[in-house]
Amino acid sequence: MKKKIIKLKKTSFNDLNKEWVSWLNNRNTNKHSEKKNKKHTLKSQKEYLIDVLQDQTKIHFMIILNKKKIGTMLVSKISKKNRHCEISYMIGLKENWNKGIGFEAIKLVKKFILMKIKLNKIYAGIRSDNIGSKKILIKNKFKLEAKLKDYIYEKNVFYDRYIYSFIKK
């Protein structure tokens, strides 16, 4: 069995491709995300990437598995004054789900945030029915900090938004 080598690579315009756009347009991949409510194109992703790369409060990474791009990780709302940030992530293809990749990617970005940016708190917001994200955040020692009741309304159903956070001890 081949060993999984998972890395994070800062995103550049060279990473922009049809595969990334296809992940964004995949309703199953983005079932728990607002991304599903928009049609994504190479042009819209280029505009998004221009904004992200110019924004000092954001760092975008590609998640790499054995030298292949398989997902994305965004560090956003970076506040050096208050020493916290938010993370969001996506594993592009279902074939890579439930294999520990999300866990390892969060572990890597957590180390980067704590050691390189030197922040104290990392948080992530998830929809209450996103069991996979809940599990990998808890496994990475994130704690449930807040429940925002009936925060998301979709297809005649209300969902809570959970905020998980990790605070450096």
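Predicted model: local features only at pLDDT ≥ 70, side-chain atom pairs only at ≥ 80, totals over all residues.
In what order do the seven strands of the open sheet run?

**View 1. The open sheet, strand by strand.** Going across, the order is S1-S2-S3-S4-S5-S7-S6, and the pairing is mixed. Strand S1 (6-10) and strand S6 (143-154) sit at the edges with a single partner strand each, so one side of each has no neighbour in the sheet. From one strand to the next, the twist averages 25°.

**View 2. S4 alongside S5.** Here strand S4 (residues 84-91) meets strand S5 (residues 121-127), and the two pair in the parallel sense over three bridges. Look for cysteine 85, which stands opposite isoleucine 122 in S5.

**View 3. H1 on the sheet.** Helix H1 packs against the sheet and touches strand S2 (59-65), strand S3 (68-79) and S4. The direction of H1 makes about 70° with that of S3.

**View 4. Where H1 crosses H2.** The axes of helix H1 (residues 18-25) and helix H2 (residues 42-54) come within 10 Å and cross at roughly 95°. Angles of 65 to 115 degrees count as roughly perpendicular, and H1 and H2 are therefore roughly perpendicular to each other. On the H1 side, the contact is made by Lys18, Trp20, Val21 and Leu24; H2 brings Leu42, Gln45 and Leu49. Sorted by type, the residues of this H1 and H2 contact come out as five nonpolar, one polar and one charged.

Technical notes. Residues numbered from 1 in each chain as written. Heavy atoms only, no water. Axes fitted to C-alpha atoms, helices over the stretch in contact; angles between N-to-C directions. Helix = DSSP H or I, 4+ residues; strand = E, 2+ residues; numbered from the N terminus. Parallel < 35°, antiparallel > 145°, perpendicular 65-115°, else oblique. Contact = heavy atoms within 4.5 Å. Nonpolar A, V, L, I, M, F, W, Y, C, P; charged D, E, K, R; others polar. Pairing = 2+ DSSP bridges.
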